Amino acid sequence: MLSGLLPGIAADLGVSIPDAGLLVSAFALGMFVGAPVLAVATLRVPRRTALVAFQLVFIAGHAAGALAPAYGLLFATRVVSALAYVGFWAVAAATAVSLVPPGAKGKALSVVAMGLTLATVVGVPAGTALSQHAGWRAAFWGVAALTVLSALSLRAVLPAGHGTVGEPLSVRREMRGLARPALWVSFLVTALTFGTAIVTFSYLAPLLHSSSIRSCSHGCSASPPRRRRWQAP
């Protein structure tokens with residue numbers, strides 16, 4: 001979401017565009033640290049409880065970010081929100097595949113992942129448009145409000161408990177799963193894909209904004225050429 005908000009955040013908080021871009025790095029740092037820790041920490045927590053709890057933290061993080069008076073506090077909320085974000089996705093993926101028959105696990109996971117794609121395709125431009133009319137803080141409030149609806153829906157629909165019957169939960173079993181080379185190839189492809197996308201899209205708004213300013217400074221203020229009056233020979 002921040003890809004369209006960086007100019008507004010930088011201007012409002014009195015920081016440079018590169019400093020505002022570090023908010024994207026803060027979110028990535030929270031995901032990198034939180035993914036393995038929270039995946040293990042929530043193994044024995046009922047999945048519905050974990051998912052709702054992560055969403056509540058995510059809501060609180062964005063509400064605090066929307067009210068943040070200074071850059072440092074906003075930076076901290078991005079790290080906390082990232083922890084909740086990655087914790088939610090770790091549990092959501094496991095929950096999705098546990099609620100369907102073995103032959104439908106891939107389809108279930110793709111449906112969950114489609115939510116992330118739709119959020120990117122629809123949410124990023126929507127957040128940018130909202131920030132243009134009501135400020136970047138309104139985009140944060142919008143994300144918090146949508147997450148409230150999601151948490152209420154999840155609480156009402158998802159079965160209580162772990163979502164599986166007789167599932168053996170073991171940290172040792174999870175660690176053994178990391179020994180598969182194919183899994184690390186998947187990790188590498190995912191890291192390169194998301195890294196490339198984030199690096200590309202994070203600074204699109206500042207680049208387009210500066211390009212339009214440069215273009216306008218060269219031609220916008222120039223008066224149109226006068227038309228020569230035709231004279232008979």
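Analyst: Helices here are DSSP runs of H or I with at least four residues, numbered from the N terminus. Val121, for instance, is found in helix H5, residues 105-134. This is a predicted model, where local features need pLDDT of at least 70, side-chain atom pairs count only at pLDDT 80 or more, and totals for chains, interfaces and linings use all residues. Residues are numbered from 1 along each chain as its sequence is written, and side-chain values use heavy atoms, leaving out hydrogens and water.

User: Why is Val121 called exposed?

Analyst: Exposed means over 50% relative accessible area, buried under 20%, and partly exposed in between (1.4 Å probe, protein chains only). Val121 has 55% relative accessibility, so Val121 counts as exposed.

User: And what is Ala94 called, buried or partly exposed?

Analyst: Ala94, in helix H4 (residues 71-98), has a relative accessible area of 28%, so the label is partly exposed.

User: How do you know that the buried residues of H1 line one face of the helix?

Analyst: In H1 (residues 6-13), the buried ones are Leu6, Ile9, Ala10 and Leu13. Seen down the axis of H1, they fall within an arc of 100 degrees, so they line one face. That arc is taken from the directions from the helix axis to the C-beta atoms.

User: Which residues does Trp136 contact, leaving aside neighbours within four places in sequence?

Analyst: Contact means heavy atoms within 4.5 Å. On that basis, the partners of Trp136 include Leu5, Ile9, Leu74 and Ser131.

Terms used: Helix = DSSP H or I, 4+ residues; strand = E, 2+ residues; numbered from the N terminus.
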